[in-house]
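Subject: Handing over the structure, with notes

Dear colleague,

Here is the structure that I promised to pass on to you. Please open it beside this message, and keep the sequence at hand while you read.

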Amino acid sequence: MAIRVAHVGTGNVGRLALAELITNPQYDLTGVCVSNPEKVGRDAGQLCGVGLDAPVETGITAVNDLDAVLATKPDCVVYCAMGDTRLPEAMADAMRILAAGINVVGSSPGLLQYPWGVMPDKYIARVEDAAQQGNSSILITGVDPGFINDLIPFALAGTCQRIEQVRCMEIADYATYDGAEVMHYMGFGRSLDEKPMLLQPGVLSIAWGTAIRQLAAGLGIEVDDITESVQREPAPEDFDIAVGRVPKGTLAALQFEIRGMVNGHPAIVIEHITRLRPDLRPDWPQPAAGSGSYRVEITGEPSYAVDIVPTSRKGDHNHAAIVGAAGRIVNSIPAVVAAPPGIRTTVDLPLVTGQGLYTPNNLVTT
């Protein structure tokens, strides 16, 4: 029997997750909730672009009412609404859904990816209480995409005899990234005299602290402290990207590290190198291929340096990475529905293998 799933949020990640919910026979879409008034009343198939040549009409029209969506009695809600800039609202939504007896899988609120040691215990307890009340569970994957900061490192770490450091890297050109809110949040196209939200003191350590703490839990180590560092590079002249103009002198390249320290040693490091042009800061690490890649490095015995280069038939590296983020969310639904109530993480869920996704080449559409 198909799992009944409702969907919240149709942005970059949500739109792609919704498309899989519609096309994957494992799921039965019951409702869609949106925040943009222009999307209200539109069919779910139109919102995610399924069947652009011959649009798929699902019969499910979008509403701006979470209660109405929950009233459709789904087994699970895929929650992809923005959480970075509306954390209290996203947390409240998650608890509301859980208390109603409905499981949650999604990309936000990111702090629930692994909240222990990052969020105050009283806030974690509220989420756990809601889950116990509804006998429901929640998995938040993050959108880094999350699997680079947990699934891949854990798979490699499981073959090691000794580990000194785990480093996870995103190396990408964001010129084609069509997400104005995220780009503003990171500070691109803004004066270097400004401190965008992401670069406010401590925000990086909170935003990626969940990934650091989850890796530490999987490795069985205690992180004493989380530190961060940032480098920024201005635009040498005016130029245009997907979200608009980048004026000369404003932020055009960004490098940051978040380090989980153990006895003064950076045991776990998450590093981002983000450019808006490939010629900026050539001394920083470069993508393994094309304009964007991910790298997982383990220093130990044996040591690993593994490059992941996402590609897509429907877009560039930025699109491909978001497809992967959405795919992980949707494919985790059966495991989360079957899980005990509470906050679930990669550490305690079974491996999601992609069961039921095989499609012969002659059936793949371009």
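What follows is a description of the structure, beginning with the whole chain and ending with single residues.

First, how to read the values: this is a predicted model, in which local features need pLDDT of at least 70 and side-chain atom pairs count only at pLDDT 80 or more, whereas totals for chains, interfaces and linings use all residues. Residues are numbered from 1 along each chain as its sequence is written, and side-chain values use heavy atoms, with hydrogens and water left out.

**The whole protein**

The protein contains 11 helices and 15 strands; both are DSSP runs numbered from the N terminus, a helix being H or I over at least four residues and a strand being E over at least two. Its radius of gyration is 20 Å, close to the 21 Å that the globule rule gives for 366 residues, so the protein is as compact as a globular protein of that length. That radius is taken over C-alpha atoms, and the rule is 2.2 Å times the number of residues to the power 0.38. Along the principal axes, the C-alpha trace spans about 50 × 45 × 45 Å.

Of the 366 residues, 49% count as buried, where buried means under 20% relative accessible area, exposed means over 50%, and partly exposed lies in between (1.4 Å probe, protein chains only). The protein exposes about 16,400 Å², of which carbon and sulfur atoms supply 52%; these areas come from the Shrake-Rupley method with a 1.4 Å probe, and for residues only the protein chains shown count as cover. Among the contacts with a separation of 6 or more, 71% are made by residues 24 or more positions apart, a contact being heavy atoms within 4.5 Å.

**The nonpolar cores**

A nonpolar core is a set of buried Ala, Val, Leu, Ile, Met, Phe, Trp, Tyr and Cys residues joined through side-chain atoms within 4.5 Å. The largest one has 79 residues, and those that touch the most other members are Leu21, Val32, Val78, Leu198, Ile258, Leu276 and Ile333. Strand β11 (residues 251-262) gives the largest share of this core, with 7 residues. Another core, of 26 residues, lies apart from it and includes Met91, Ile102, Leu111 and Met119.

What does leucine 21 contact, once its neighbours within four places in sequence are left aside? The partners of leucine 21 are Val5, His7, Tyr27, Leu29, Val78, Val330 and Ile333.

**Tryptophan 208 and glycine 209**

Tryptophan 208 sits in the loop between α8 (203-207) and α9 (209-219), and with a relative accessible area of 13% it is buried. Leaving aside neighbours within four places in sequence, tryptophan 208 is in contact with Asp144, Asn149, Leu198, Phe256, Ile258, Ile270 and His272.

Glycine 209 belongs to helix α9, and it counts as buried at 0% relative accessibility. Not counting residues up to four places away in sequence, glycine 209 touches Val118, Leu204 and Ile226. Glycine 209 and glycine 117 are 92 residues apart along the chain, while their C-alpha atoms are separated by 8.3 Å.

**Backbone details to look at**

Most residues other than glycine have a negative phi, and most peptide bonds are trans. With that in mind, please look at the following places.

A cis peptide bond joins serine 108 and proline 109, with omega at about 0 degrees, and proline 109 is in the loop between β5 (103-106) and α5 (121-134). A cis peptide bond also joins glutamate 301 and proline 302, where omega is about -5 degrees. Proline 302 lies in the loop between β13 (292-301) and β14 (304-308) and counts as partly exposed at 30% relative accessibility. Beyond its neighbours within four places in sequence, proline 302 is in contact with Thr159, Cys160 and Gln161.

Lysine 73, a residue other than glycine, has a positive phi near 60 degrees; it lies in the loop between α3 (66-70) and β4 (76-79) and is exposed, with a relative accessible area of 62%. Asparagine 263 likewise has a positive phi, of about 55 degrees, although it is not a glycine. Asparagine 263 is in the loop between β11 and β12 (265-275), and at 71% relative accessibility it counts as exposed.

With best wishes
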